[in-house]
Each structure stands twice: as structure tokens, then as C-alpha cells.
Amino acid sequence: MAKKIMIVDDEADIQTFLTTLLKEHGYETMAVSDGEKGWEALKVFRPDLITLDVIMPKETGQKFYRRLVKDSEFKDIPVIILSGVTRYKELFGRDHVTMPKPYAFVEKPIVPEELVAMIREALVSSKKSKAAR
Amino acid sequence: MTPEELITEEFKRSLDRRLLEIIPFNVTIIDRQYRILRANGRFESAFGEWRGKYCYEAYKGRREPCPNCRAMKSFDDGRERVMDEVGLDRKGRQAHYLCHIAPIRIEDGAIKYLLGMSHDITESKDREREYDIFFERVPCYITIIDRDYKIIRANNLFKETFGNPLGEYCYKIYKRRSSRCPRCPAAKSFADHGTHSAEQVGITRKGRTAHYVVTTSPLTRDEEEIQHVIEISTDVTEIKAMEKEMLEAERLAAVGQTVAGLAHSIKNILMGLEGGKYIVSVGLKKNQPEMISQGWEMLERNFDKTTSLVKDFLNFAKGQRPEVRMSDPNALVTEIVDLYKEVAAKAGIELKAELDARVKPAPLDPKGIHTCLTNLVSNAIDACQMSERPDRMVIIRTVEEKGKLVFEVDDNGLGMDCEIKRKIFTTFFTTKGGGGTGLGLLTTRKIVQEHGGIIDVKSRSGKGARFRMELPRKRLRQLLDIGNSPQTENENTPVKESS
């Protein structure tokens with residue numbers, strides 16, 4: 001069965017880009033435009049991985065991530081942060097006790113092949129860790 | 001009757017008995033052997049029992065005469081003396097006293113007794129010491145000048161920094177000037193007996209520029225004509241340098257932030273271009289015309305974004321000078337409402353103005369304020385569009401409020417959480433994805449600041465937002481003064497070329 005990836009990004013062009021790219025590589029995708037919609041989609045779509053933008057209206061990526069890692073059901077889903085601002089790294093996982101670091105930070109613009117390779121790796125390692133438990 | 005005749009014998013006797021008690025000093029009468037022959041009650045209460053004691057015993061608790069006793073010299077030369085002495089009072093405390101020695105001649109002209117009159121000056125001595133400590137230890141330059149502006153006293157810090165000033169003119173020694181400084185605060189203190197201060201720049205002995213804040217006060221209060229003024233100066237050279245460094249650091253930080261923001265916007269556009277390119281290439285490979293045109297549209301859109309980014313950025317960076325003229329704030333708002341009413345209505349949003357009739361025309365840059373209101377209103381409409389509530393509304397308001405002209409733009413749209421609120425006035429921040437350049441609010445704030453005003457926002461997530469621009473009338477009037485200076489007029493007046 002195809003792995004499912006949720007794309008959280010408020011920019012339509014980036015949604016289209018990532019959707020096309022990931023579908024081409026055999027993944028099933030769902031794109032939402034902010035954290036709030038992401039949260040609703042999470043329960044229905046049950047993704048294996050999330051790509052997350054930082055600055056979005058309604059609910060920022062930071063807030064969404066904070067909610068996610070506190071949720072026992074979804075906290076193990078690997079998250080790749082996609083942002084134009086490297087500085088936002090500081091905003092995630094500053095407090096390592098209560099907030100684990102996201103799987104990776106990727107600075108926009110992305111290199112398509114590199115992102116795909118990273119996603120593949122993330123899915124493999126998360127499968128391993130699930131199997132180990 | 002002569003005054004002498006008026007004094008009765010009885011009174012004379014009483015005076016003889018009581019004279020020593022009436023004199024407001026500690027009185028002793030001593031002989032050549034330092035013996036105290038008589039003393040008054042004051043002396044006794046200050047120094048204790050004196051009967052059978054030598055003066056050095058009673059005054060200082062010594063067992064033998066003081067070396068080089070000056071009082072005894074009066075026996076030989078018959079002169080009066082005033083001496084500053086330190087003794088021990090009856091409780092053993094050190095006491096400063098001023099002692100007046102008068103030799104008493106008896107009928108044959110020989111001096112057999114000395115009359116000593118002293119009073120305690122311990123308290124004023126203490127005060128003098130405190131004053132000296134203050135004068136020398138405060139980290140300030142202190143000078144005292146006379147009415148000719150000549151320095152008659154200065155503390156060591158001043159001397160070390162500016163050189164020995166005694167008898168020199170204060171303007172010469174502080175600033176190497178040959179005449180009095182304009183707006184001299186000391187002159188004001190001489191004139192109105194008040195305290196004044198001013199910020200000054202001087203030159204030290206070693207040629208360093210010294211920034212200092214000087215406070216001048218008359219040295220005496222009750223005189224009709226002030227004779228001396230004290231100048232106390234605090235050196236603020238280092239603080240000035242720090243302020244300058246801080247401004248520079250802030251400027252660099254702002255530049256850095258701007259560059260980082262610009263890079264962020266460009267990265268987002270590059271991401272769009274990258275995406276367009278990718279989709280076109282997949283479309284070509286698979287021979288899918290829809291994909292090709294989808295990718296192509298993405299490419300076009302992101303090229304357009306580049307154009308508008310560059311345009312907005314230049315607009316922001318250009319820093320146009322505000323063109324100030326008397327404008328009617330209410331008319332400006334009406335203009336904006338007319339302009340946006342249709343756009344808003346199409347999106348199902350009601351746009352209306354609430355005008356305060358008390359608002360009078362003000363000196364404004366109408367184009368600038370137009371830009372501000374446009375930015376705020378289009379943001380408000382966007383915020384409403386993102387909200388799902390049915391009664392979406394944007395209100396532009398003018399308010400005249402305690403010397404301030406206020407513009408408010410209210411919406412009941414999406415609102416902002418504090419994370420977003422914190423970032424909205426930073427360069428290139430946008431929540432509109434590709435829709436915004438992140439320069440609108442920044443430009444708005446810049447224009448408001450150029451008008452001497454402030455802009456702030458109140459908002460809660462899901463509860464709409466209120467942006468408020470406050471322009472103090474006082475600052476606006478100054479704006480008009482600057483705008484109407486001859487220099488500006490010349491710039492705007494075309495120069496006729498003579499043929």
C-alpha cells in the first residue's frame with residue numbers, strides 16, 4: 001500500500017509542486033493550507049509523514065508541531081519542516097525535554113530528488129522504530 | 001543724664017557677678033600657670049568640673065601643657081588671638097571649638113590673666129568635611145564662577161581633566177572660547193537666581209572632545225545680586241558613544257533583518273519556480289498538456305511575484321519625503337471606502353466608514369496616509385475572507401482624541417494569535433502565502449512614524465483585529481513647519497531660466 005504524506009503549506013504553488021512530486025514517486029498525498037486544517041485532516045487521513053511550513057495563517061507550523069508531539073496517537077509521525085527561514089530552527093525543539101526535534105529541517109527552495117530521498121529514509125527509519133517496539 | 005550715670009551701682013554689682021554667665025561662650029580665666037581661676041556654667045556643662053584643674057586638663061584631658069601653646073604667647077605680646085582647637089568634652093567626645101583669647105591687664109599694666117572664650121564648631125566642622133568630600137569625590141566637574149565668569153574654585157577632577165582653571169574664564173577653560181557661550185545656563189542663574197542645565201561639548205586639556213551636561217545654581221540664595229554660581233557637570237561622553245554604537249548596531253540589525261527577509265521571499269519564489277519547472281518537465285516526459293500548462297502558469301505567477309516584490313521593496317527602500325499639506329482626514333477615509341466598497345461587497349464583506357465630525361483638517365501627506373489606509377483595509381478584507389462567519393465587516397474610523405488624530409481599521413475576520421502579532425511588523429512577514437510581499441505593514445508603520453505617530457494592533461485569534469494609527473496633532477503641526485520651510489518651497493518652485 002502506498003505511504004501517505006500530508007503537506008501543510010499555505011502556498012498553493014508549493015502544494016501543487018509537492019503533490020505532483022510525491023505522487024510521481026508513488027506516495028498518496030493530502031494538502032492542507034494551515035495547522036488547524038492539518039489537525040482535522042490528521043484524524044481522517046492518518047499520514048505516515050508530514051511536511052510542514054512554518055508561517056501560515058490561523059495556526060502556525062510551530063503551534064501545529066507543538067500539538068502534534070504532545071498527542072500520544074500522532075507524536076511518532078516524522079515531520080519535515082519546510083521553511084524559507086533557517087532561523088526558525090530555533091523555534092522548534094528549543095526545549096528538548098518537552099519538545100523533541102522534528103525529523104529534519106529543509107530550507108526552501110527544495111531540491112526535488114533530495115527531498116524524496118529524505119522522505120524515503122524517514123519512512124524506513126520510522127518503520128524500524130515502530131517494529132522495534 | 002549720661003548713659004554712664006544711668007547705670008546704678010546695684011546693676012554694676014549684679015553685672016560683675018553675672019557677666020560671665022550672660023556671655024554666650026564657654027568662658028575661662030587662666031593665669032600664667034595654666035590654672036583655671038574661673039569658668040562659667042556653659043564651660044562646666046561642656047567640659048565638666050574645672051575647679052583645681054589646669055586648662056590643658058579641662059579642655060583636652062592632658063597631663064601637661066600643650067606643646068607650643070599659643071595662648072601663653074598673649075601674656076608676652078599682649079595681643080588677642082583666635083585659635084582653632086580640638087579638645088575632649090566631658091563625655092570624652094572629640095570637639096572642635098573656636099577659641100578667642102584676650103589678655104586682661106590690671107591697673108599697673110601687667111598682664112596677669114587671660115580670658116578664654118570658646119564655642120563648639122564640631123557640627124559645622126563635620127559639615128565642612130562632608131562638603132569637601134562631596135566637592136572632591138562626586139564624579140562630576142565642579143567649578144564656582146564669579147560674575148565675570150572667572151573660575152574661583154574647581155575640584156580636582158575638573159583640574160585633572162581641563163587643567164588648572166583658577167582665575168581663567170570658564171568658557172575659555174571648558175571650551176577654549178574667547179567669549180561667552182550662547183545660551184549660557186550660568187548667565188540664566190545669575191539673572192533669575194534659578195537652577196538651569198544645558199548639554200555642552202568641551203575640549204579637555206589633552207584635546208579630547210567631552211560631552212557634558214552642566215547644571216548651574218546660585219551659590220547663595222538670599223543676596224539680591226548673585227555673586228557666585230556653581231557649575232556641576234556630568235561627563236556623558238561615554239554614554240554618547242554608547243548611544244551611537246547602539247544606534248549603529250540597531251541599524252545593522254535592521255539591515256540584516258531586511259536582507260534575511262528579502263532572502264526568504266526570494267526563496268519562496270524560487271520554490272515556486274522550481275515547482276513550475278518540475279511540473280513542466282514531468283508533463284513533457286509524460287506528454288500531458290494539462291500538466292505542462294499547470295507548470296507554466298506556476299512559472300508565470302512566480303515571475304510576476306518577482307516583479308511585485310522588487311517594486312514593493314523599492315517603494316519601501318526609497319523613503320519618499322512626505323509631501324505635507326492640509327488635508328481632511330474624513331475625506332481621505334471616504335475616498336478609501338469608495339475605492340474598496342465594490343471589492344469588499346463581491347467578497348461578501350461590508351465596508352463602511354465611521355467618521356468623527358469633530359475631526360478637523362490636519363497637515364498630512366495625503367498620499368502616504370492613503371497608502372496606509374489602503375494597506376490596512378486590504379489586509380482587513382483578506383482577514384475577513386479567510387474567516388467563515390457570515391456577518392463579515394470592515395470599519396474605517398476617524399477619532400479626534402486628546403490632541404491626537406486617530407485612524408482605526410476594524411475587522412471581524414480571522415484575527416491573529418500572539419506569534420503572528422509579534423511578527424507582523426517585521427520585514428517580509430506574510431501570512432498570505434504567495435499573495436503578499438510582507439512589506440505592507442512595514443511601509444505603513446514607516447509612514448505613520450514619519451508623521452510622528454504610532455501604530456498598534458489589538459487582535460485575538462478568531463476575534464478579528466483593530467489596527468490603530470495615532471498621530472499627535474502637535475507633531476503634525478511641526479511637519480507643516482518643516483514642509484513650508486523656504487528650502488522646500490524653492491525645491492518645488494520651478495526656476496525660470498532667463499533667455
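Select N287(B). The residue lies in the loop between α10 (237-286) and α11 (289-318) of chain B. Helices here are DSSP runs of H or I with at least four residues, strands are runs of E with at least two, and both are numbered from the N terminus. Phi of N287(B) is near 55°, a positive value in a residue other than glycine. N287(B) is exposed, with a relative accessible area of 61%. The cut-offs: buried means under 20% relative accessible area, exposed over 50%, partly exposed in between, with a 1.4 Å probe and protein chains only.

Before moving on, note that this is a predicted model: local features need pLDDT of at least 70, side-chain atom pairs count only at pLDDT 80 or more, and totals for chains, interfaces and linings use all residues. Residues are numbered from 1 along each chain as its sequence is written, chains are lettered from A and ligands numbered from 1 in the order in which they are written, and side-chain values use heavy atoms, with hydrogens and water left out.

**Another positive phi**

Go to K402(B). Look in the loop between β14 (393-401) and β15 (404-411) of chain B. K402(B) is not a glycine, yet its phi is positive, at about 40°. K402(B) is exposed too: its relative accessible area is 81%.

**A buried strand residue**

Now pick S327(B). It sits in strand β11 (residues 325-327) of chain B. Is S327(B) buried or exposed? Its relative accessibility is 8%, so S327(B) counts as buried. Show what surrounds it. Leaving out residues up to four places away in sequence, S327(B) touches P361(B), A362(B), L364(B) and P366(B). Contact means heavy atoms within 4.5 Å. Draw a C-alpha to C-alpha distance from S327(B) to P361(B): it is 5.2 Å, for two residues 34 apart in sequence.

**A helix pair in chain B**

Select residues 366-385 and 440-450 of chain B. These are helices α13 and α15. Two packed helices are described by the angle between their axes and the distance between the axes. For α13(B) and α15(B), the axes come within 9 Å and cross at roughly 145°. Axes are lines fitted to C-alpha atoms, for helices over the stretch in contact, and angles run from 0 to 180 degrees between N-to-C directions. α13(B) passes α15(B) in a left-handed crossing. Left-handed means that the near helix is turned anticlockwise from the far one by less than a right angle; clockwise makes it right-handed.

Show the side chains at the contact. From α13(B), pick G368(B), I369(B), T371(B), C372(B), N375(B), L376(B) and N379(B). From α15(B), pick G440(B), L441(B), T443(B), T444(B), I447(B) and V448(B). The contact residues divide into six nonpolar, seven polar and no charged. Ala, Val, Leu, Ile, Met, Phe, Trp, Tyr, Cys and Pro count as nonpolar, Asp, Glu, Lys and Arg as charged, and the others, Gly among them, as polar.

Stay on α15(B). Which of its residues are buried? They are L441(B), L442(B), T443(B), T444(B), I447(B) and V448(B). Just after the helix, G452(B) takes a positive phi of about 75°.

**A helix pair in chain A**

Switch to chain A. Select helix α2 (residues 35-45) and helix α3 (residues 61-70). They pack at an angle of about 30°, with their axes 9 Å apart. α2(A) and α3(A) are therefore roughly parallel to each other. Angles under 35 degrees count as roughly parallel, over 145 as roughly antiparallel, 65 to 115 as roughly perpendicular and the rest as oblique. The crossing of α2(A) and α3(A) is right-handed. G35(A), G38(A), W39(A) and L42(A) of α2(A) meet F64(A), R67(A) and L68(A) of α3(A). By class, the residues of this contact are four nonpolar, two polar and one charged.

**A cis peptide**

Next, zoom to P109(A). It is found in the loop between β5 (104-107) and α4 (112-132) of chain A. The bond joining K108(A) and P109(A) is a cis peptide bond, with omega about -5°.

**Zoom out**

Show chain A whole. It has four helices and five strands. From the N terminus on, they run β-α-β-α-β-α-β-β-α. Of its 133 residues, 56% count as buried.

Finish on chain B. It has 17 helices and 17 strands. Of its 499 residues, 42% count as buried.
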